[in-house]
Amino acid sequence: MSNPFVRIVEPLDPKQPLKKFFNLSKLEDVRYAHLPFSIRVLLEAAIRNCDEFLVKKGDVENILNWKVVQHQNVEVPFKPARVILQDFTGVPAVVDFAAMRDAVKKLGGDPEKINPICPADLVIDHSIQVDFNRRSDSLQKNQDLEFERNKERFEFLKWGSQAFKNMRIIPPGSGIIHQVNLEYLARVVMDQDGYYYPDSVVGTDSHTTMIDGLGVLGWGVGGIEAEAVMLGQPISMVLPEVVGYKLLGNPHPLVTSTDIVLTITKHLRQVGVVGKFVEFFGPGVAQLSIADRATIANMCPEYGATAAYFPVDDISIGYLIQTGRDKEKVMCTKRYLEAVGMLRDFKNSSQDPDFTQVVELDLHTVVPCCSGPKRPQDKVAVSDMKKDFETCLGAKQGFKGFQIAPDRHTSIVKFNFEGCDFELAHGSVVIAAITSCTNTSNPSVMLGAGLLAKKAVEAGLTVKPYIKTSLSPGSGVVTYYLRESGVMSYLSQLGFDVVGYGCMTCIGNSGPLPESVVEAITQGDLVAVGVLSGNRNFEGRVHPNTRANYLASPPLVIAYAIAGTIRIDFEKEPLGINASGRKIFLKDIWPTRNDIQAVERQFVIPGMFKEVYQKIETVNQSWNALNAPSDKLYTWNPKSTYIKSPPFFDGLTLALQTPKTIEDAYVLLSFGDSVTTDHISPAGNIARNSPAARYLTSRGLTPREFNSYGSRRGNDAVMARGTFANIRLVNKFIDKQGPQTVHFPSGETLDVFDAAERYKQAGHPLIVLAGKEYGAGSSRDWAAKGPFLLGVKAVLAESYERIHRSNLVGMGVIPLQYLPGQDAGTLGLTGRERYTIIIPEQLKPQMNVQIKLDTGKTFHAIMRFDTDVELTYFHNGGILNYMIRKMAS
């Protein structure tokens, strides 16, 4: 059909021919003016693709009637304009594409049909580790070691960039995916194929939501779902509720954007926004820079929403110019948004849309804070940090407890480091990292850290040499303005040299701690601390030897590094005493918001962004020198321990297999609440006593060659063995933390992989029991692929985080949810029963299914296939099987 909503208008750029765009504000329907701006972008995307992608008659009408139908599970097909990937998720995506080409060829189809239709950018940012720090050549040494470890992966990605059209690779050393997207890749308005339309994006990293701060609607999806989008499949989603988050007032001069986002994270976790959009409005938004907004949008996964949207306003337009975008194109962007009624004035309340629910925050009430020690939503005011940590020491083991006996709270362990004697105690800081896309994208907090470092050095303060300090900016622009503003040398003097451009400590690539420090921590069974300016601090993520990890602003990271302990009250106790015997307090060196903004106005200029990004794809000589095969089909190397053809498509036929009832399944693991994707599929170092280590050793590798789980996501044999391998895993079948479970037929306690192998060899299906927020955290598809390979057929949980549930669907693993008011406790489930899950022939979205136990007990659960499209994927055994059959036929 012809698209009734496309209008021809005067060219927005006089030099360009006439353009078409979707002037929804001209629709004779006043309802459009009251829609949240994020829903308007969904509507634009749906109409743009309506000839091909509207799967149900009336979908446009449904979206226009959003206020009426938002609670009715109405499906919306969303086809984003772009896809972004990082290498930890990008490598398995390219591996899947290569294997899909093989599968399509076997089924008689054209393998080159497996090719991205939707443009995709892959930024290599997850591989570099903090192996070297506190030296001027740390950056070069870390980058050299990154290439040494990952050459095979990088050659494979370079093959992918040549074998597939529409896929661009941003080489290592360029920055963090989300900051590169914010500063360079994002268009805000697309101008292609004769159309203007809003930019939108999905990414294989949960913090893709950072781009929402610039007014680009985006969110994270699993790699499996992203692959389908790249192949032209729209995302079928339930029309979301939109929570309006009203910001009022001005932030206190001493408050940072990090303090604001940690406050919002705790607030929205309490409100409950999983599966919903959050859209920010109110006069307080106008007080926030784009970097501030991006910081808030970035941590959207930590408060559980799908998207955290800031509509485009004049500050957004100014940011595009500041970051070196073409000025004429920016002006066209502004005129287009004005023409379709999508340029926002946050001070004009008459533009405020209708929302499902409205919550408020007065920015002036925000105080300096951190979050921890184990979850990002557990905010603690800086003034309460000492008391809170000491309470956590003795509290019962849990999110806010370490269960340390009272007589050991003051334990001290002496040790020697580089010829000097030091002491460690509970609360001693051993890692201090300015890292992650969340904060290093924001000049205000980065320059704030630099100014604080300058004042600290001038006051005679230092950081103890055994503390592992590091600075890993999100892009080269950060280094540029830190150097030009004159603060880089002071950061270096405190140990915060640039160690690399990538995620590093935030994703667990912290590198080793000094042996004497590890020995002291182990000897005293100490709760050592990591302080980082990241977005996640889940157990076992940052480093195996830091049991407490706190998220903090970059200036606070430096402050705690100087103090050397988290057990300090900054208001009453000095940071340190200088050589003159003078006590130096934090208030003496803390820069004000006005001080920071003055430096930012002077030194963060468009020329920096242009200079850095005009050479981003060619500046890395090591990448340029890589040789990669040019064949369209990948030649798998059977000796490779990094890249392996996955078994997902073995035996795949064009004919569908009818889903069968799961009979007499054993429970592999039984969990409580907040089991994260880090618990399910860790990204960090491979422990020497793990099944993955035993496999790599059998292939002739030494421990120094193991690398990380994240780097080996192109090899299913490693990743299956790494599933549920987190050393902080808490399984109810075991009385201590660790990656083990009980193999019930024998009664033996085994590593999880070994137990699963025993069950698989005996032909027994498996399920997992869990509590609330199952699958929180990163969008890693291996948290679904791994359990699938272990033989897990279903998960039964109280609730799911959005991305992980989608990943389970994508792999054909059934996400089951207890009925409201029920859980394992109310149903009397021990996990030692055997479970039969009745799968009816006729399936409907979110239908109840019957579960029978071998004890004779029967109950019902919700099958969380939320849309008809998800049921189609399930009948095909997963998204990728569906796409192969589609391409082959």
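Modeller: Let us begin with handedness: a crossing is called left-handed if the near helix is turned anticlockwise from the far one by less than a right angle, and right-handed if clockwise. Helices here are DSSP runs (H or I, at least four residues), strands are runs of E of at least two residues, and both are numbered from the N terminus. With that convention, α5 passes α33 in a right-handed crossing. Please keep in mind that this is a predicted model, in which local features need pLDDT of at least 70 and side-chain atom pairs count only at pLDDT 80 or more, whereas totals for chains, interfaces and linings use all residues. Residues are numbered from 1 along each chain as its sequence is written, and side-chain values use heavy atoms, with hydrogens and water left out.

Colleague: At roughly what angle do the axes of helix α5 and helix α33 cross?

Modeller: Two packed helices are described by the angle between their axes and the distance between the axes. The axes are lines fitted to C-alpha atoms, for helices over the stretch in contact, and the angles run from 0 to 180 degrees between N-to-C directions. Helix α5 (residues 87–106) and helix α33 (residues 879–888) have axes that come within 10 Å and cross at roughly 45 degrees. That makes α5 oblique to α33, given that angles under 35 degrees count as roughly parallel, over 145 as roughly antiparallel, 65 to 115 as roughly perpendicular and the rest as oblique.

Colleague: Which residues in α5 and α33 meet?

Modeller: Taking contact as heavy atoms within 4.5 Å, Asp 96, Met 100, Ala 103 and Val 104 in α5 meet Leu 880, Met 883, Ile 884, Met 887 and Ala 888 in α33. By class, this contact of α5 with α33 has 8 nonpolar, no polar and 1 charged residues, where Ala, Val, Leu, Ile, Met, Phe, Trp, Tyr, Cys and Pro count as nonpolar, Asp, Glu, Lys and Arg as charged, and the others, Gly among them, as polar.

Colleague: How would the reading go for α12 and α13?

Modeller: The axes of α12 and helix α13 (residues 327–339) come within 9 Å and cross at roughly 165 degrees, which makes α12 roughly antiparallel to α13. The crossing of α12 past α13 is right-handed. Asp 314, Ile 317, Leu 320 and Ile 321 in α12 meet Lys 327, Val 330, Met 331, Thr 333 and Lys 334 in α13, so that by class the contact of α12 with α13 has 5 nonpolar, 1 polar and 3 charged residues.

Colleague: How many salt bridges does the structure hold?

Modeller: A salt bridge is a side-chain nitrogen of Lys or Arg within 4 Å of a carboxyl oxygen of Asp or Glu, and the structure holds 37 of them. One of these joins the side chains of Asp 313 and Arg 293 (3.0 Å, N to O). Asp 313 lies in the loop between β14 (307–309) and α12 (314–322) and Arg 293 in helix α10 (residues 290–298), so the pair ties together parts that are 20 residues apart in sequence.

Colleague: Are Asp 313 and Arg 293 buried or exposed?

Modeller: Buried means under 20% relative accessible area, exposed over 50%, and partly exposed in between (1.4 Å probe, protein chains only). Asp 313 counts as buried at 5% relative accessibility, and Arg 293 counts as buried at 0%.
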